[in-house]
Amino acid sequence: MDVMNHKILIANRGEIACRIIDTCQRLSLSTVAVYSDADKDARHVEMADQAVAIGPAQAAKSYLDAEAIFAAARETGATVIHPGYGFLSESGNFARRVRDEGLLWVGPAPNAIDAMGDKERAREIAISAGVPVLPGSRRFRQGDMDGLHEAAEQVGYPLLVKAAAGGGGIGMRRVDAPDDIEAVVEATQSMSSKAFGDSSIYLERYVAEARHVEVQVFGFGNGEGLHLYDRDCSVQRRFQKIIEEAPAPNIPEKVRNKLYQAALALVRHQQYSGAGTVEFIYDRHRQSAYFLEMNTRIQVEHPATEMVTGVDLVEWQLRQALGELPVIAQGLIHMAGHAIECRLYAERPEKNFLPAPGNIKTLVWPMLGEFLRIDTGVRSGDQVTPYYDPLMAKIIAHGADREEAIANLSRALEEVVVEGLHNNSAFLSNILRDFKFKQGGVTTGYVDDFFARQSVASITDSP
């Protein structure tokens with residue numbers, strides 16, 4: 001790779017910025033960090049070759065400020081922009097502007113971001129690609145209730161009200177009865193308008209005994225692509241993932257193969273380029289999987305896939321952006337063993353996962369090695385601020401099989417020391433010890449069931 005003429009600006013923060021810089025350093029690529037006032041002493045700022053301040057702590061005035069990002073690129077001579085996940089990674093308009101500015105964009109084509117970023121439109125694309133979807137409705141915008149009750153009856157209760165522009169579980173609410181539908185729709189439309197600038201919602205069938213299974217894909221922009229197997233992300237709170245593992249346990253092989261075929265059908269249909277994740281709802285009783293959404297970026301849980309395949313997905317992203325990545329054959333991708341990733345948050349599980357910002361007085365990680373990886377953006381003495389997601393680290397363990405991976409991750413969590421603020425390490429440890437989790441194949445309702453069986457003392461760590 002000819003790296004002398006390229007400099008990578010990471011338009012993000014925290015652990016994902018640090019993780020991208022790690023790969024850039026290994027490839028001898030020069031890096032530029034951007035930072036808000038709240039992050040001026042952050043780990044990603046220290047790691048990068050250059051760093052540029054881009055605004056106040058509020059994300060809307062810094063990490064979501066495209067003009068500030070482009071000004072930083074011009075100031076430093078950056079030639080490539082990697083958006084990480086979240087923030088501007090989900091903006092097709094930002095991706096277009098990157099290209100218009102003469103910079104290289106690390107990610108899929110802007111039209112693919114637009115198409116899959118609109119969840120209701122993505123459903124229609126999945127249908128046209130022959131991918132099964134759950135029953136759903138047309139979109140309803142703020143103030144539009146015409147035909148809502150009829151649409152809900154056709155979808156069937158219980159159902160989900162989902163923000164068309166949403167993602168990551170944001171803007172998703174369950175409705176069990178007709179009496180509640182209008183109030184929930186109004187609330188979700190209002191939230192969606194504020195969060196995404198789009199009030200559109202749609203209705204989708206809710207699967208009670210569902211698992212959340214996803215397929216990691218990588219496309220080469222010409223209809224060709226490959227999968228890097230699957231992950232299970234069913235352990236969630238408020239529709240947001242906590243523990244992910246690769247591969248998904250206790251999935252019939254015929255279903256697993258159908259998941260791969262469906263995911264690659266979307267890649268071909270969209271002539272998709274870059275890393276992406278096709279997410280499915282798996283109805284374990286019917287042994288059927290349905291398209292949920294496609295995320296057009298690197299995922300938070302990508303390290304679990306990297307641990308079982310040996311592939312550095314960020315390296316692939318960078319090489320593709322620089323025109324250095326050939327088409328890779330599916331037969332060259334192999335999976336070995338099992339990996340489990342957990343997300344260490346500054347939060348209080350016993351308080352409905354209330355964020356718990358504060359000063360990290362002491363932070364000690366276990367010794368890393370072949371079977372353990374930690375992606376983090378914080379150190380002892382750092383602040384977890386109220387301005388951003390309170391994720392402190394992702395801890396990923398590998399094993400020859402699932403039992404060994406659980407044991408390795410449990411041991412790592414026991415060795416983690418966090419002093420100064422509440423966190424969810426005890427909660428994570430107790431899940432890994434729970435007999436239902438160890439059986440494999442828990443549903444998205446698992447956390448509620450887990451809470452019903454535990455004491456408060458077993459699910460939170462005090463400062």
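Student: Is Glu-347 buried or exposed?
Tutor: Glu-347 is buried, with a relative accessible area of 1%. Buried means under 20% relative accessible area, exposed over 50% and partly exposed in between, with a 1.4 Å probe and protein chains only. This is a predicted model, so local features need pLDDT of at least 70, side-chain atom pairs count only at pLDDT 80 or more, and totals for chains, interfaces and linings use all residues. Residues are numbered from 1 along each chain as its sequence is written, and side-chain values use heavy atoms, with hydrogens and water left out.

Student: Okay, which strand is Glu-347 in?
Tutor: Strand S15, residues 347-348. Strands (E, at least two residues) and helices (H or I, at least four) are DSSP runs, numbered from the N terminus.

Student: And what is Glu-347 in contact with?
Tutor: Leaving out neighbours within four places in sequence, the partners of Glu-347 are Arg-237, Phe-353, Leu-354, Pro-355, Ala-356, His-422, Asn-423 and Asn-424. Contact here means heavy atoms within 4.5 Å.

Student: Switching topic: where does Thr-296 lie?
Tutor: Thr-296 is in the loop between strand S13 (288-295) and helix H10 (302-309).

Student: Buried or exposed, that Thr-296?
Tutor: Buried, at a relative accessible area of 5%. Not counting residues up to four places away in sequence, Thr-296 touches Pro-108, Ala-112, Ile-113, Met-116, Tyr-272 and Ala-275.

Student: Now the big picture. How many residues does the largest nonpolar core have?
Tutor: That core has 65 residues, and those with the most contacts inside it are Val-131, Phe-218, Leu-266, Phe-291 and Trp-316. Helix H9 (residues 253-270) gives the most to this core, with eight residues. A nonpolar core is a set of buried Ala, Val, Leu, Ile, Met, Phe, Trp, Tyr and Cys residues joined through side-chain atoms within 4.5 Å.

Student: What does Trp-316 touch?
Tutor: Beyond residues up to four places away in sequence, Trp-316 touches Phe-218, Leu-226, Leu-228, Val-311, Leu-325, Ile-328 and Ile-333. Another core, of 35 residues, lies apart from the largest one, with Ile-242, Ile-340, Val-418 and Phe-450 among its residues.

Student: How many helices and strands in the protein?
Tutor: 15 helices and 22 strands. Of the 463 residues, 60% count as buried.
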